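Open the model in your viewer and keep the selection panel at hand. This tour goes from one selection to the next.

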Amino acid sequence: MPHVPRHFLSTLDWSRADLQRILDDARALKKRPHTGDLSGKGIALVFFNPSLRTRTSFELGAHHLGMKAIVLEPGKGAWPIEFDDDGVMDGEPEEHIREVARVLSRYVDAIAVRAFPKFQDWQVDRQDKVIEAFARFATVPVINMETITHPCQELALMLALQDRLVTTDRKKFVLTWTYHPKPLNTAVANSGLVIAAKFGFDVTLLCPTKDYVLDERYMKAAERFCQDNGAKLTMSHDIESAYDGADVVYAKSWGALPFFGRWADEKPIRDAHKHFIVDEAKMNRTNNGLFSHCLPVRRGVKVTSGVLDSPRSVHIDEAENRLHVQKALMRQLIS
Amino acid sequence: MPHVPRHFLSTLDWSRADLQRILDDARALKKRPHTGDLSGKGIALVFFNPSLRTRTSFELGAHHLGMKAIVLEPGKGAWPIEFDDDGVMDGEPEEHIREVARVLSRYVDAIAVRAFPKFQDWQVDRQDKVIEAFARFATVPVINMETITHPCQELALMLALQDRLVTTDRKKFVLTWTYHPKPLNTAVANSGLVIAAKFGFDVTLLCPTKDYVLDERYMKAAERFCQDNGAKLTMSHDIESAYDGADVVYAKSWGALPFFGRWADEKPIRDAHKHFIVDEAKMNRTNNGLFSHCLPVRRGVKVTSGVLDSPRSVHIDEAENRLHVQKALMRQLIS
Amino acid sequence: MPHVPRHFLSTLDWSRADLQRILDDARALKKRPHTGDLSGKGIALVFFNPSLRTRTSFELGAHHLGMKAIVLEPGKGAWPIEFDDDGVMDGEPEEHIREVARVLSRYVDAIAVRAFPKFQDWQVDRQDKVIEAFARFATVPVINMETITHPCQELALMLALQDRLVTTDRKKFVLTWTYHPKPLNTAVANSGLVIAAKFGFDVTLLCPTKDYVLDERYMKAAERFCQDNGAKLTMSHDIESAYDGADVVYAKSWGALPFFGRWADEKPIRDAHKHFIVDEAKMNRTNNGLFSHCLPVRRGVKVTSGVLDSPRSVHIDEAENRLHVQKALMRQLIS
């Protein structure tokens with residue numbers, strides 16, 4: 001068994017070959033779902049934010065492998081947690097991440113964490129403190145269920161695309177920003193960008209203005225992965241040329257990084273770009289392209305029902321694949 | 001295996017013979033609870049309203065059959081959902097029922113839904129939009145865990161009555177309205193009425209005034225079932241004659257349909273009928289009748305402790321039976 | 001099998017030998033976690049207050065034994081419950097404990113309950129009405145998951161201490177009050193006091209003033225247990241002499257009983273005793289003593305990080321042991 005990282009915090013430090021092995025196992029699990037080979041093992045699912053698919057797919061996937069998943073919601077059914085290491089806990093949190101991570105590591109064989117950014121200061125959010133603290137103090141593998149990236153979604157997307165494309169190398173992948181009434185997390189956008197680049201696509205990032213370009217950590221990683229694969233990364237604000245000849249259109253809305261903490265100033269820009277909605281006319285410019293979105297998706301706002309309900313949309317497959325890839329991931333990480 | 005409906009939304013479209021087969025299997029499961037024959041299967045329990053018995057009995061029942069139940073609470077731990085098909089989702093819901101139902105259908109083998117009416121407009125509530133939307137878009141069986149009827153409760157009640165009566169045909173079943181400080185759902189009243197009629201009882205609906213008569217959909221169905229069985233359906237506002245000779249008294253409080261959305265106007269009527277409480281004096285008029293109630297029940301308000309704690313009350317049996325009938329139902333619907 | 005109490009509400013009515021048998025089984029389960037010998041059984045975990053470790057360890061422990069645990073949160077996902085026996089339920093609760101306990105007893109093989117005091121009137125709280133009502137009406141064993149004592153925590157502590165000490169008899173156990181910004185439950189303090197006394201320790205209760213002495217029910221029980229074991233119980237307000245030669249320091253914060261319902265008056269006293277924090281200087285006075293705390297613990301407030309992160313702190317072991325002792329307890333109580 002080749003060396004793989006101990007945790008699954010992001011795909012940045014996982015090789016394409018290691019990720020492909022997980023995708024291959026996921027494909028096998030799709031056919032033969034019940035292995036029971038992690039019988040008696042446990043996983044804690046720690047949700048700082050709500051979830052439908054993630055919780056369902058992890059709970060069910062754990063059950064298929066013979067495991068028990070425990071759902072924890074700090075601040076709701078459980079105590080608020082302190083992540084800073086400053087020594088005197090006289091605020092709200094009753095418990096330090098050191099204790100939480102160490103105790104959970106005694107009970108279970110993996111800890112999965114969902115912790116969205118606070119949307120006030122991207123310089124703080126980009127440190128991804130919550131999951132990094134879990135990874136530091138846990139003695140079992142830590143899995144990212146969406147923080148500032150969403151690596152499980154990346155695997156699900158890539159499995160869906162591989163199932164429909166002969167190859168991903170040098171195909172055209174367009175990551176398009178879309179309108180949404182609220183400024184959303186950049187996590188899936190960061191993830192879509194880097195995983196497409198890692199798997200050999202020519203990647204186009206289509207967004208309203210330069211303010212919507214993603215964090216340089218992910219932009220530079222995507223550029224490096226594209227270079228490694230002999231592919232190219234393009235940034236564009238022009239809808240027509242971006243869609244032209246696309247093999248895949250991946251849609252997501254996100255808030256512009258320079259506007260963190262002053263969202264009222266961003267609103268007029270966002271409102272001025274409702275025409276970024278994915279519709280049949282735009283899809284007609286593509287190379288009979290596939291469409292996907294990570295869900296939840298607002299019909300008629302981010303994408304038309306016509307596109308979503310067409311046979312070229314793989315968003316339901318992508319959602320289903322969460323189950324398969326996460327099972328493969330647990331099998332990879334938990335011994 | 002004879003044809004049965006794909007979903008279990010209401011008993012209206014299920015034949016007495018099909019329902020009896022579920023009751024017989026429930027009786028067998030009561031003796032031999034652990035079959036494991038749905039091993040590896042999953043069910044999503046979608047709660048838009050709180051639950052004690054329903055969740056416990058479904059989770060436990062699924063476990064007995066080898067299944068995994070996933071509890072989802074949209075609007076709490078999960079996203080709010082859009083049920084209308086109007087195209088542009090620019091309100092609160094982040095997700096359309098199309099996506100929710102289709103994705104859940106990929107993960108699990110059945111979807112059970114609890115969605116109470118909104119109590120503002122009965123013409124809207126009686127369309128039962130939430131569960132009907134699940135049934136329309138899901139590709140797996142959908143089970144009603146209480147909406148505007150409560151068919152699982154019907155099966156539990158009928159199992160309890162069959163265990164205590166030699167026959168249900170032409171026995172006298174009284175469905176009595178009782179006082180409760182709030183205007184409650186008519187679901188269990190609708191259900192009690194139609195299931196008693198379907199199983200051959202002479203059915204008396206006892207309520208304060210004609211405003212408390214149930215929706216014509218259920219009144220007419222009960223009338224039709226009674227006719228088919230050579231039995232009779234009676235509507236009464238007279239407590240004494242209604243109780244006289246009753247073999248079963250089933251109590252429930254509900255809000256009057258004409259007062260939906262203007263409950264302050266209904267309050268004086270309700271308040272004037274606190275004497276509808278089921279007590280020992282009334283039960284003494286019956287034919288040594290059985291008593292039941294679906295729970296939760298307010299002691300001293302809907303029924304006296306004397307009646308509830310007597311050996312003629314089968315409400316705890318009825319509650320226990322939820323476990324058995326739901327297991328039989330899952331075995332019937334899930335292949 | 002010798003006679004043991006039917007419920008596990010407190011350790012007061014359990015003999016040291018009976019408790020030791022549970023500890024011995026817990027130690028065996030630590031090595032061989034998956035017995036599956038309660039396969040098909042169920043347990044309801046009823047939480048009136050939040051939980052991290054308790055829920056995780058019970059859910060996981062039940063799974064290890066082959067059981068299914070159902071989590072219920074009355075007032076959140078379930079109905080509010082009436083505990084008084086006054087006959088007319090015209091307030092908030094929709095359901096009486098008689099029904100809840102009897103129905104749950106039909107579904108599951110044990111009921112575990114967490115119900116904290118209300119902190120308004122200790123004379124009311126000390127009656128422990130909620131769990132006592134469950135015990136009265138349930139027909140299956142009832143387990144205390146923390147009310148005004150925390151007996152599962154007692155077992156976890158004692159297992160951790162036995163794993164590190166040659167004997168507990170006549171060793172010096174110091175239960176020290178510590179500062180916390182809020183007035184907390186006396187449950188773990190009561191529990192620490194009586195279990196140390198029952199297992200033969202010389203017990204010192206160290207607290208700021210006589211107002212912080214624990215309820216006489218637990219003080220007198222500890223005195224009796226100490227007498228039975230030829231050990232002694234000491235009450236002290238002097239930090240230095242209390243720590244001198246201690247073999248175990250167990251820390252906990254709690255609110256003073258005479259101030260229930262008027263906590264603003266207690267605050268100045270509490271605030272004046274922040275120096276009760278467990279630190280390295282104090283621990284240096286001990287006989288190379290072990291330290292523990294039940295969690296959650298505020299670092300730098302109740303105890304320094306230096307003490308918590310030292311090899312003499314067994315708080316993580318104690319937390320882990322919750323899993324093992326509760327499994328042993330379920331095996332003891334559930335047939």
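How many residues does the contact take from chain C, and how many from chain B? This is a predicted model. Select chains B and C together. The contact takes 21 residues from chain C and 25 residues from chain B.

Stay on the chain C side. The elements of chain C that each give two or more residues to the side touching chain B are strand 1 (42–47), strand 2 (68–72), strand 4 (95–96) and helix 3 (97–107). Helix 3 of chain C has the largest share, five residues. Now colour this side of chain C by class: nine residues are nonpolar, five polar and seven charged.

Next, select residues 151–162 and 187–198 of chain B. These are helix 6 and helix 7 of chain B; their axes come within 9 Å and cross at roughly 50°. Helix 6 of chain B is therefore oblique to helix 7 of chain B. The crossing of these two helices is right-handed.

Show the side chains there. Helix 6 of chain B brings Pro151(B), Gln153(B), Glu154(B), Leu157(B) and Met158(B) to the contact. Helix 7 of chain B brings Val188(B), Ser191(B), Gly192(B) and Ile195(B). Five residues of this contact are nonpolar, three polar and one charged.

Last, select chain A. Look for 13 helices and eleven strands. The C-alpha atoms of chain A fill a box of roughly 55 × 50 × 35 Å along the principal axes. The radius of gyration of chain A is 20 Å, which agrees with the value near 20 Å for a compact globule with 335 residues. Of the 335 residues of chain A, 58% count as buried. Among contacts in chain A with a separation of 6 or more, 79% join residues 24 or more positions apart.

Note on methods
Residues are numbered from 1 along each chain as its sequence is written. Chains are lettered from A and ligands numbered from 1 in the order in which they are written. This is a predicted model: local features need pLDDT of at least 70, side-chain atom pairs count only at pLDDT 80 or more; totals for chains, interfaces and linings use all residues. Axes are lines fitted to C-alpha atoms, for helices over the stretch in contact, and angles run from 0 to 180 degrees between N-to-C directions. Helices (H or I, at least four residues) and strands (E, at least two) are DSSP runs, numbered from the N terminus. Angles under 35 degrees count as roughly parallel, over 145 as roughly antiparallel, 65 to 115 as roughly perpendicular and the rest as oblique. A crossing is left-handed if the near helix is turned anticlockwise from the far one by less than a right angle, and right-handed if clockwise. Two residues are in contact if their C-beta atoms, placed from the backbone, lie within 7 Å. Ala, Val, Leu, Ile, Met, Phe, Trp, Tyr, Cys and Pro count as nonpolar, Asp, Glu, Lys and Arg as charged, and the others, Gly among them, as polar. The radius of gyration is taken over C-alpha atoms; the globule rule is 2.2 Å times the number of residues to the power 0.38. A residue is buried if 20 or more other C-beta atoms lie within 10 Å of its own, exposed if 12 or fewer, and partly exposed in between; C-beta atoms are placed from the backbone.
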